[in-house]
Amino acid sequence: MNGTTDQTRHQDRVWSVAEHLDDVLSKIDPLDPIELQLLDAQGCVLVEDITVPVALPPFDNSSMDGYAVRAADVADATESAPAVLTVIGDVAAGSGELPGIEPGQAVRIMTGAPMPPGADAVVPVEWTDGGTGQGPAATMRAHSAAPQDAGGEVRVHRPAAAGAHIRARGSDVTEGEPALRAGTVLGPSQIGLLAAIGRGTVRVHPRPRVVVLSTGSELVQPGEALGPGQIHDSNSFQLTAAARDAGAIAYRVGAVADDAETLRSTLEDQLIRADILVTSGGVSVGAYDVVKETLAALSAEEGTVEFRRLAMQPGKPQGFGLIGPDRIPLLALPGNPVSSYVSFELFVRPAIRALMGLPEVHRPTTPAKCTEAVASSPKGKRQFLRGSYDAEAGTVTPVGGAGSHLIKAMAHANALIIVPEDTTEVPAGAEVDIVLLG
Ligand code: AMP
Ligand code: MG
């Protein structure tokens, strides 16, 4: 029972929400970077500055379907006196061989196709007869058809200035230019840019692997019938979903009976695949509070988990420590479903996001007008009530009561209403801070 004296001392004092959170975050560093395939890196934080290896676009190309021409040849073109050019060939996107253009000539060109040498403008197909000798309707049809015969003619009805409808080489990015800085969170368009400049893999902080296990001999897997005194294990599902939502790769172990040996061996087995461990239940002062009994009594070699009381409701009892040879963070959350979920949102989600190296680890908060009065909020505790937030009206309405077993109310809430430590009642219409659950 190493650490008993320490444990006793910590139990003596009550921690504020902020103190507990600070303690958790102070012991968590971003995971070591790894090289990931682009799509596996989505949502992750880049750890390297990325420089552009080749310009984008890599070559001058057409921004329209039309004709590559010499601007001088079409300078005087009008509706009634079109410039008539000889079409010497076709260039599609991906064409490697490009015909050179002499005065009086044009090449039919498609969007994204490289500009042929000699051409300095593109005339959109809509400004021509499409090589049909007919009006614009036939023009569009003709353009999408098979290659135009070389030697045919195209009538151009409007002039195009030099450079018109050309996307110049390097107009997007140039060689050697910074593309993305270390610290960037990779969303869809950042991944698109990386792919565009030819990066197949990137170095990022990986998503943490979160192992979720619930404890309680009363717990039965959903889908199975309940015997006397049993309830379905909802926490392990809720917490696993919440871990995924926070950005983690989550493994749900499911319910472990209130038995010290089973808990010990399960944790030992799970350590191998965990960057962070989350347990629910068994952290209060009851006779079968096996998580607390087991983890408070680890040997120095096995790790240290402290159990403390927080000035918070719900979620008063919390455990936090580092266990196993790699000192994996473990957060032991209370068992009541609302308590465990609120605790997750306040402490585990930031821990997961800190492991990912994300710049913003907390849920956003915002002020809102509380539509109903809140009576008798516990003095000295920060209370988190479930609320339904109406962003348009800027109001929040409490959902259900303060009971930490009210699973349905939680499911119908989209915010947590914060009632500060020294506030014991909130009059209807008063402003409160709320945590947006997204
Ligand atoms: P405990 O913290 O283990 O004393 O549990 C507190 C309350 O939460 C008890 O009523 C438990 O039955 C309930 N509880 C604990 N774990 C779960 C779970 N995984 N799913 C649903 N309810 C739970
Ligand atoms: Mg229990």
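**View 1. Residues 211–354, whose end C-alpha atoms lie 16 Å apart.** This span is 33% helix and 31% strand; helices are DSSP runs of H or I with at least four residues and strands are runs of E with at least two, numbered from the N terminus. UniProt lists residues 211–354 in an unreviewed entry as "domain: MoaB/Mog"; the positions follow the numbering used here, feature names are shortened, and such annotations may be inferred rather than shown by experiment. The model is predicted: local features need pLDDT of at least 70 and side-chain atom pairs count only at pLDDT 80 or more, while totals for chains, interfaces and linings use all residues. Residues are numbered from 1 along each chain as its sequence is written, and side-chain values use heavy atoms, with hydrogens and water left out.

**View 2. The open sheet of seven strands, with mixed pairing.** The strand order is β1-β19-β21-β22-β18-β14-β17, where two strands pair if DSSP finds at least two bridges between them. β1 (14–15) and β17 (249–256) are the edges; each has a single partner strand, so one side of each is left without a neighbour in the sheet. Within the sheet, β14 (residues 209–215) and β18 (residues 276–280) run parallel and are joined by five bridges. Val212 has Val278 of β18 as its bridge partner.

**View 3. The contact of helix α2 (residues 17–26) with helix α9 (residues 337–355).** The two helices pack at an angle of about 25 degrees, with axes 10 Å apart; axes are lines fitted to C-alpha atoms over the stretch in contact, and angles run from 0 to 180 degrees between N-to-C directions. α2 and α9 are therefore roughly parallel to each other, a term for angles under 35 degrees. On the α2 side the contact (heavy atoms within 4.5 Å) is made by residues including Val17, Leu21 and Leu25, and on the α9 side by residues including Leu346, Phe347 and Pro350.

**View 4. The open sheet of three strands, in the order β2-β13-β3.** Its pairing is antiparallel. The edge strands β2 (34–37) and β3 (45–46) each pair on one side only. Two bridges join β3 to β13 (residues 201–205), and Leu46 stands opposite Val204 in β13.

**View 5. Strand β24 (residues 382–390) and its pairing with β20 (residues 312–313).** These two strands pair in the parallel sense over two bridges. β24 also pairs with β26 (residues 415–419) in the antiparallel sense over five bridges, and Leu385 has Ile417 of β26 as its bridge partner. With β25 (residues 395–398), β24 pairs in the antiparallel sense over four bridges. The hairpin of β24 and β25 has four residues between the strands, and Gly394 takes a positive phi near 70 degrees there.

Definitions and conventions: Chains lettered and ligands numbered in written order. Parallel < 35°, antiparallel > 145°, perpendicular 65-115°, else oblique.
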